[in-house]
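Subject: Handing over the structure

Hello,

Here is the structure we talked about. My notes on what was found in it follow below.

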2 protein chains.
Amino acid sequence: MRPVAILSIGQTKVDEHWEKSLKELAGEAAFAALAAAGRDRADALFVGNMLSPLISGQNQLGTFISDWIGMWGAEAVKIEAACGSGAAAFRAGLTAVSSGEIESALVVGVEKMTDKAGHDVTAALATAADADNEGEQGVSFVGLNALVMRRYMHEFGWKHADFAPFSINAHANAMHNPNARLHQAITVEQFEKASMVASPINLLDASPIGDGAAAVLLVPAERIAGPKILVAGSAAATDTLAVHSRRDPLFLSAAYASVKKAYEQAGVSPEDIDVFELHDAFSIMSALSLEACGFAERGQGVRLGLEGQINPKGRVPVCTRGGLKARGHPVGATGVYQIVEVVQQLRGECGPTQVEGARIGMAQNIGGSGATILTHILRAVV
Amino acid sequence: MRPVAILSIGQTKVDEHWEKSLKELAGEAAFAALAAAGRDRADALFVGNMLSPLISGQNQLGTFISDWIGMWGAEAVKIEAACGSGAAAFRAGLTAVSSGEIESALVVGVEKMTDKAGHDVTAALATAADADNEGEQGVSFVGLNALVMRRYMHEFGWKHADFAPFSINAHANAMHNPNARLHQAITVEQFEKASMVASPINLLDASPIGDGAAAVLLVPAERIAGPKILVAGSAAATDTLAVHSRRDPLFLSAAYASVKKAYEQAGVSPEDIDVFELHDAFSIMSALSLEACGFAERGQGVRLGLEGQINPKGRVPVCTRGGLKARGHPVGATGVYQIVEVVQQLRGECGPTQVEGARIGMAQNIGGSGATILTHILRAVV
């Protein structure tokens, strides 16, 4: 296995892009990454996407986008792991380059969600759950997370407002990210008064859907002279698909397993992580992710927020560009956005939300309710 | 890159499995491959599937199946490249093992097509074409292939009956494959009289859909002492998604590009290939594939059939287990079936359709109308 580095990044704003199609969004991010590297193609394209067959009637998305961006002839493939599709595509591209099979991989995460009305998107998202045992019961994705959050509050004695810091931090950070979907700071009062979606999850616990695409270009590290962003750790693990099948639905065992491996590969421990782009699809997931990754004891993840440790100047800065909550959650693209944002931090490009002296960053992308979890650790080599 | 070998195989019969769900089919093939290797799990699962989101309402199929077969915790992902999904999943698993990232990869291709009525499947399959420019015009998949076949007949002066040997050979070989969907030998007369689907493609030019799953277990070659089946070549290439965008719609440029690379990797040329499992989704594709891979001159692929060269005793044995035409075409599973069948040939397990002394076999899997093409070359090491 040879070391792999991120040569360049690209992204679109997360938004309701009514005037742009799936391929136009993907192309925008891909062209940005290619242009930043002064290239016009890569050996292969790895596309992360979840909903295109259901929402855009388009399969074979690897070749579809490769064709659109003029990478004719190149190897191309689509990887799907629900909301973890982006990081899964990144990992596939990474493995292909590290194996020596190819010399460059363009990874594009893309999702176009606003071509269908709200109800259809909810039904489409429910295909990430267990169709036979969860979907069949009419449990939506937010419904599953609500059950987990309710249980967490009960077990560990937290109240709903205790989760507010996660959303407040995400919204505050997004104010300084031009590519974020939401530019609107929020308060505890607003958090508590937001419309209920599925109790106890209200509108400000939940990340918004959106259209968007993000891209990175991967090459062998030896090809970059001087400073570079190394992929220091990459691991994937899974849990049961259905939440009810788990021994402990309040513990993200796949996060624990994947982060453990990634820490080992990178030779680091939680205290070495300068910035952590976690998967805050719902506020409860922030708490569970922090716990599984060793930043807090079981049931104490919310405490990090309450103690002011998660903002860019805190001990464990998370969602520094807005997270899923405020940058937005174009599902299959999210994992690549997270990696792009960690790169921006390691390059010191984040302005008011820059984590000072950030050298090691982590991104964790989750498919389903904790079912598929991928963890990546990036390291700035100066 | 370290060499990778196929440790074991598994498959279900291709059929209308009304009584079996997607995961049960996948499990049957996966358990067969694991049991044959005396193992109960692999480090990672790579699932090839195209239609599950549309037909079964199930995404996140990697984790879904990993969970079902008890591979809790393992890395799992789904790869989609339309009808090329199976080989794309195989290549992803191969790359992961060759990179050193994992020590074993279970690859499962699975498709469940009979849960929906005929029209829905046709619409679902059309998502492999260009939704904006082909699907929008109502061109079905068979319609696209019919246009290509008509043009080929016009350009090179062949009549419809000249394609008969492809289907006759496939049906004859399937008689000896218990896992084939169709066990029914056919004649030229039957071929010519079959019901028209989309002129000039009739029912006996077209492969039948079906439910099925196939699996292989990949490990580093060094782990197997003694005889083994090596993956000697693996390459993927793409063409434009829409057939009308191609400079020459009668040349499979992605087949040419991928087979060229695979030949180089394996250090072989067409005359070294003892058996070739090609992608005969429609009879025209057999001709185009043989031409692009160097077995026949442009426009002369059909001649190989007419001269009796494609049966198991001929110069270029194809579809020795029935091919897509008679083994059946459970789209996302097909690429893995092809590899399983090449393994059976290299092991000498094919009874009356055994290619004598087969040592080097090739499988070529195609997504869309020639858009995504993957070629694999396997070699028996004794």
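A definition to begin with: with a 1.4 Å probe and protein chains only, a residue is buried under 20% relative accessible area, exposed over 50%, and partly exposed in between. By that scale, B:Glu103 is partly exposed, at 25% relative accessibility.

Next, the conventions. This is a predicted model, in which local features need pLDDT of at least 70 and side-chain atom pairs count only at pLDDT 80 or more, while totals for chains, interfaces and linings use all residues. Residues are numbered from 1 along each chain as its sequence is written, chains are lettered from A and ligands numbered from 1 in the order in which they are written, and side-chain values use heavy atoms, with hydrogens and water left out.

**The interface**

Start with the contact between the chains. Contact means heavy atoms within 4.5 Å. Chain A gives 55 residues to it, and chain B gives 55 residues. The area buried between chain A and chain B is about 4100 Å². Buried area is the accessible area (1.4 Å probe) that two parts lose on being put together, summed over both. Carbon and sulfur atoms give 47% of it. On the chain A side, A:Gln60, A:Glu80 and A:Glu101 lose the most area to chain B, together 16% of what that side buries.

Polar contacts come next. Between chain A and chain B there are 26 residue pairs in polar contact, both residues at pLDDT 80 or more. A polar contact is a pair of N or O atoms within 3.5 Å; within protein, one must be able to donate a hydrogen and the other to accept it, and residues adjacent in sequence count only if both atoms are side-chain atoms.

Which elements of chain A give two or more residues to the side that touches chain B? They are α2 (52-55), α3 (61-68), β3 (75-80), α4 (85-99) and β8 (228-238). Helices (H or I, at least four residues) and strands (E, at least two) are DSSP runs, numbered from the N terminus. By class, that side has 24 nonpolar, 21 polar and ten charged residues. Ala, Val, Leu, Ile, Met, Phe, Trp, Tyr, Cys and Pro count as nonpolar, Asp, Glu, Lys and Arg as charged, and the others, Gly among them, as polar.

Three bridges join β3 of chain A to β3 (residues 75-80) of chain B, and the strands run antiparallel. Two strands pair if DSSP finds at least two bridges between them. The bridge partner of A:Ile79 is B:Ile79.

**Salt bridges**

Side chains of opposite charge can pair when their charged atoms come close. A salt bridge is a side-chain nitrogen of Lys or Arg within 4 Å of a carboxyl oxygen of Asp or Glu.

A:Glu75 is buried at 12% relative accessible area, and B:Arg91 is buried at 5%. B:Glu75 and A:Arg91 also meet in a salt bridge, at 2.7 Å, N to O.

A:Lys78 forms a salt bridge with B:Glu80, at 3.0 Å between the closest N and O atoms. A:Lys78 lies in β3 of chain A and B:Glu80 in β3 of chain B, so this pair joins two chains. A:Lys78 is buried at 1% relative accessible area. B:Glu80 is buried at 1% too.

Within chain B, B:Arg223 bridges to B:Glu103, the closest N and O atoms being 2.7 Å apart. B:Arg223 lies in the loop between β7 (212-220) and β8 (228-238), and B:Glu103 in the loop between α4 and β4 (105-111), so the pair ties together parts that are 120 residues apart in sequence. In chain A, a network of salt bridges links A:Arg2, A:Glu103 and A:Arg223.

**Two residues of chain B**

B:Arg2 sits in the segment before β1 (4-11). Its side chain reaches the backbone oxygen of B:Val97 at 2.9 Å.

B:Ser99 lies in the loop between α4 and β4. B:Ser99 is buried, at 3% relative accessible area. Leaving aside neighbours within four places in sequence, B:Ser99 is in contact with A:Met1, A:Thr95, A:Ser98 and A:Ser99.

Best wishes
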